[in-house]
2 protein chains.
Amino acid sequence: MTFKFDILKSSPEGRLGELVTPHGTIKTPAFIFCATKAAMKALTPTQMKTAETQIILSNTYHLMLQPGGETVKTLGGLQKMTGWNGPMLTDSGGFQIFSLGHGSVAAEIKGNRSTNRPKTLLSITEQGAKFKSYIDGKMHFLTPEESIRVQRNLGADLIVVLDECTPYNVDKNYTQESMRMSHRWALRSLEEWRREDNGTQKLYGIIQGGIYPQLRQESCEFINEHDFFGTAVGGCLGAHKTQMHDVVSFTMEMVRKERPVHLLGIGGISDIFVGVRQGIDTFDCVHPTRLARHGGALVKPANNPQKNREHLNLRNSIYIKDSNPIEEGCGCETCAWASRGYIHHLLKAKELLAFTLISIHNVYFMNTLMTAIRCALQSETLDQCQQEWCSATN
Amino acid sequence: MTFKFDILKSSPEGRLGELVTPHGTIKTPAFIFCATKAAMKALTPTQMKTAETQIILSNTYHLMLQPGGETVKTLGGLQKMTGWNGPMLTDSGGFQIFSLGHGSVAAEIKGNRSTNRPKTLLSITEQGAKFKSYIDGKMHFLTPEESIRVQRNLGADLIVVLDECTPYNVDKNYTQESMRMSHRWALRSLEEWRREDNGTQKLYGIIQGGIYPQLRQESCEFINEHDFFGTAVGGCLGAHKTQMHDVVSFTMEMVRKERPVHLLGIGGISDIFVGVRQGIDTFDCVHPTRLARHGGALVKPANNPQKNREHLNLRNSIYIKDSNPIEEGCGCETCAWASRGYIHHLLKAKELLAFTLISIHNVYFMNTLMTAIRCALQSETLDQCQQEWCSATN
């Protein structure tokens, strides 16, 4: 059997599982790192593996525009092309289309309404979404079927249905209409996936419904009753963290327990603990690598000279002559030899190596966090684990 | 004995040697890679070692301005700070000061007279050179003694005297005056080095004299008679390759044979063969990593689809769907899994990983070239070796 999801233990603190794919087994809860354009920014696959990574994802939106699904297929599919050769997920392309289209869904989902980006979404119809390429302005039309076809060419183990991702500022009525269209798209995605299913990919349905419990319930019931391998929790999760936690909480009460559940786009450390407690199995977020590119290194609050924060800002001049590693006792490749002072110098000198070194640390940090969470679930000590890893201010 | 230079074999084709330093032994002829600001651009020390690198260099000019010699010393010196922990060389800072000062010595030495850079050199006197920092405009005064003090803080195994690097467009008279001042600076450098010599660093003198045989002779005699560990061939080597080869040729007839000889800033593949035949032991050049940042991957001409060139331009759209490695049969980390098509995609998508992957290949390529040259010197088959590695047009 090439795919399987086993729940090894379930408790009020969360659940431990194993997600088996043709490219390897993922111990859950797990963090999925974003290799947006089929590359972990500044990291080789060897560095990702040494940092104990289990699974990465790529974005269909970016790859359908460049280099195109056919090209990726010619180059052996994502796992071979990227040299990663481990488990992978692709999203449907919807999030970026609607994010860029509506201005910035990403910001709005997280409660930040700045909308400075150029709008490239031209129309959303029952058939699909028409948008302009951010690369060359060329027109594209993405349908649920086309998203599955592209994802088939990309070849990730876990793939996702196309949905419309609604921003925070739309009302309940729009959210409901959009959700029902996303449900119809989900069925079309499932149909297209089934048409050429050869056992190498499994499909996740997405729960929509915004911040409205009634809609979330309708969406859960719909996704639950159809034959999806996994469940993703998507759409608008609210304007602030408390609301996001509420939305995840009442949604998770209704999802089918035997399927693996992925929480789309969420990966802050305290959010992960909240998600784990609700039974979420996998998380993804660009945070660890994006933070690295801004000079931010994740550390446990107790190890942070900049107290009560979840990262150090290595651009800060307090680190100029600091010969300590990013985090004392860390087992990553970077902390084995590189000092904060050296990385501070690399950032100041605009050396690409800075991003590589911090990314190695941040990826290892997240993987170590997830290992600690799994151990804590085993020993039923998640509260202590959370105290150790989360800042008191979170 | 922490330092030693042994000539293992000498023939009309060149010579084989071993240069022993406190941080390891370098088999010569060897290529020295440029980690200008104490970082190999986009490569970790582990990647450098896996690519079979023997020795790297850093530039005193950049490091004295940022983060400063004292900071590097506090962080354990270059070898520890960078995690390289192998043999290193630093230059004196002179080349960059005079290069930026005169416009672009680097281009002129190689016969290219474009001089677009801002001039930051304010004055050259018998005492030293006054210049403005390219980072913050702050005034600096570099003397021969200060260069040695900075290099002592940096802590490289092999260090170099301060010299004025004269551009191609100066006349014989200026070249002669400049050379004699550089000789006086060389003695002051030697004096300062001797003052605190503790056996951890060795000093190279630099042969000046531009393109004038008589001046080169005077410079050789001067450097030969003083107690330098090694000889560097510097200054203007001519306006074109033939002239450069002539200058190196008549200079090498006069240098002391028992000392290791470094040819400053030269590292084109055919130039290396010319240098080896003249008895040069070490070369340095930014070419392999700079080329990588422009998407250029070094290959033997026979392996190049773009015939008779020493590199492939991976930005070329002929590589979009090319599933071959950069070079068939190459043993580098990149060629083990990455296709030309994938690297082409990474370049188009502006992913930093492209530079890392090509740099790994180019560094390994240069190290493999030097190994091939050493084998050929052993078996006295340098002509065949050159035919295999050099483009017919060179």
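## Helix pair in chain B

Helix α10 (residues 241–252) of chain B and helix α11 (residues 269–278) of chain B have axes that come within 9 Å and cross at roughly 20°. Axes are lines fitted to C-alpha atoms, for helices over the stretch in contact, and angles run from 0 to 180 degrees between N-to-C directions. α10(B) and α11(B) are therefore roughly parallel to each other (angles under 35 degrees). The crossing of α10(B) past α11(B) is right-handed (the near helix is turned clockwise from the far one by less than a right angle).

α10(B) brings B:His245, B:Val248, B:Ser249 and B:Met252 to the contact; α11(B) brings B:Val274, B:Gly275 and B:Gln278. Contact means C-beta atoms, placed from the backbone, within 7 Å. By class, these residues are three nonpolar, four polar and no charged. Asp, Glu, Lys and Arg count as charged; Ala, Val, Leu, Ile, Met, Phe, Trp, Tyr, Cys and Pro as nonpolar; the others, Gly among them, as polar.

## Model and numbering

This is a predicted model: local features need pLDDT of at least 70, side-chain atom pairs pLDDT 80 or more, while totals for chains, interfaces and linings use all residues. Residues are numbered from 1 along each chain as its sequence is written, with chains lettered from A in the order in which they are written.

## Domains of chain A

Chain A is assigned domain 1 (29–285) and domain 2 (294–389); the bounds come from an automatic or database domain assignment. The C-alpha centres of these two domains of chain A lie 28 Å apart.

In chain A, 16 residues of domain 1 are in contact with 18 residues of domain 2. On the domain 1 side, β4 (30–34), α1 (45–50) and α11 (269–278) of chain A each supply at least two residues. Helices (H or I, at least four residues) and strands (E, at least two) are DSSP runs, numbered from the N terminus. That side of domain 1 of chain A holds 11 nonpolar, three polar and two charged residues.

Technical notes. Contact = placed C-beta atoms within 7 Å. Parallel < 35°, antiparallel > 145°, perpendicular 65-115°, else oblique.
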